Amino acid sequence: MGQLAKFLLVSICVAYMAVKWTAPSFDQESLRGARVLVTGASKGIGEQMAYHYGRFGAKIVITGRREKALQQVVEKCLSLGAQKALYIAADMGNESDPDKVVDFALEKLGGLDYLVLNHIGSSSFSMWDGDVEHARWLMKVNFFSYIQMAWKALPSLEQSKGSLVIVSSAAGKVPSPFVATYTSTKSALNGFFGSLYHELAMRKSNVSISICTLGLIDTESAMEKVRGLINVPAYPATEAALNIIKTGATRQQELYYPWFTYVMCVIRDWYPPLTNYIMQNSINSP
Ligand SMILES: NC(=O)c1ccc[n+]([C@@H]2O[C@H](COP(=O)([O-])OP(=O)(O)OC[C@H]3O[C@@H](n4cnc5c(N)ncnc54)[C@H](OP(=O)(O)O)[C@@H]3O)[C@@H](O)[C@H]2O)c1
């Protein structure tokens, strides 16, 4: 690695640590009784978020397509200390389901303090094969349902000085090979909610928006796709989930987890050849 690259890397790390040290501190008591809707919570990071919210004594509604799995997550949330835990099965590929889910949460919880948008439709880890229909469907699940739910929940979040939490990916900022459609949906989220962030701030809205940029996390579905193909460490889903919750609760604009995803994103703009090198040498063709 050249001197310039080393200098850039150290500078970014120092800047990142400075930002971390000055970040507001998290008080888990602030989540006791909080009314939370988490999407994509039947497994993976969403499931882990549901358990953390449960431990913190929140009132939660979770959603996903598989009723049986949702039921089991709800039972565990209650045993961990959730004041309330309910589920509603929904498919975010259906046009009316995003509204249906928000209506259910508003009715059962009497409003919302947190809307945590986390679900994703399935996509393969493979070379782009020209399947535009799948791309269209994925956009519906991973992007359009997010903006539909956010719009529906906004009046209640305004009333409660609430928070919108968007789970995104480093792939949405630093395009990775073999996930072209997934990457596109995450870039769309970053763009849309980045823009909405300004609009809300400019009209002095009560609602905070947090965009969470995650690197590789050890969920079953992610590991199934990339096992043996990616030479970067996978970080624990439970840790990722806790970091997302803290970011929303402290109303921070952004989360980068693990920390080096931030470095990757900055290098991508400052010195693209280095990210190109890392991308093309840390990922093998499926
Ligand atoms: N894991 C990683 O390495 C990684 C890295 C960067 C970012 N992220 C982000 O983190 C979030 C969670 O990822 P994850 O790895 O935990 O995902 P996951 O384990 O695959 O879980 C996805 C969730 O979405 C639900 N879901 C799937 N299709 C759906 C549909 N059509 N309608 C409604 N719900 C649907 C699933 O439940 P059902 O099957 O019951 O529907 C499940 O609860 C995503 O936004 C992802 O982009 C993950």
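Biologist: Which helix is Tyr16 found in?

Modeller: Tyr16 sits in helix H1, which covers residues 3-21. Keep in mind that this is a predicted model.

Biologist: What is Tyr16 in contact with, leaving aside its neighbours within four places in sequence?

Modeller: With that stretch set aside, Tyr16 is in contact with Trp259 and Tyr262.

Biologist: OK, zooming out. How many helices and strands does the chain have?

Modeller: Ten helices and seven strands. The C-alpha atoms fill a box of roughly 55 × 45 × 35 Å along the principal axes.

Biologist: What radius of gyration does the chain have, against that of a compact globule?

Modeller: A compact globule with 286 residues would have a radius of gyration near 19 Å, and the chain has 19 Å, so the two agree. Of those 286 residues, 41% count as buried. Among contacts with a separation of 6 or more, 71% come from residues 24 or more positions apart.

Biologist: New topic: the ligand. Which residues are closest?

Modeller: Gly40, Gly44, Gly64, Arg65 and Ala222 are the closest of the 28 residues that surround the ligand. By type, the shell divides into twelve nonpolar, twelve polar and four charged residues.

Biologist: Which elements each supply at least two residues of that shell?

Modeller: Helix H2 (44-55), strand S5 (163-169) and helix H7 (220-226). H2 gives the largest share, three residues.

Biologist: Now H3. Which of its residues are buried?

Modeller: Leu70, Val73, Val74 and Cys77. They cover an arc of only 100° around the axis, so they lie on the same side of H3.

Biologist: What do those buried residues pack against?

Modeller: Against H2, strand S2 (59-64) and strand S3 (84-89). On the face turned away from the buried side, H3 carries the exposed residues Lys68, Glu75 and Ser79.

Biologist: How far apart are the end C-alpha atoms of H3?

Modeller: They are 20 Å apart, which agrees with the 20 Å that its 14 residues (67-80) should span at 1.5 Å a residue.

Biologist: And what follows H3?

Modeller: Gly81 does, and its phi is positive, near 125°.

How values were computed: Residues numbered from 1 in each chain as written. Predicted model: local features only at pLDDT ≥ 70, side-chain atom pairs only at ≥ 80, totals over all residues. Helix = DSSP H or I, 4+ residues; strand = E, 2+ residues; numbered from the N terminus. Contact = placed C-beta atoms within 7 Å. Rg over C-alpha atoms; globule rule 2.2 N^0.38 Å. Buried ≥ 20, exposed ≤ 12 C-beta atoms within 10 Å, placed from the backbone. Near = placed C-beta within 6 Å. Nonpolar A, V, L, I, M, F, W, Y, C, P; charged D, E, K, R; others polar. Expected span 1.5 Å × (residues − 1). Arc of directions from axis to C-beta.
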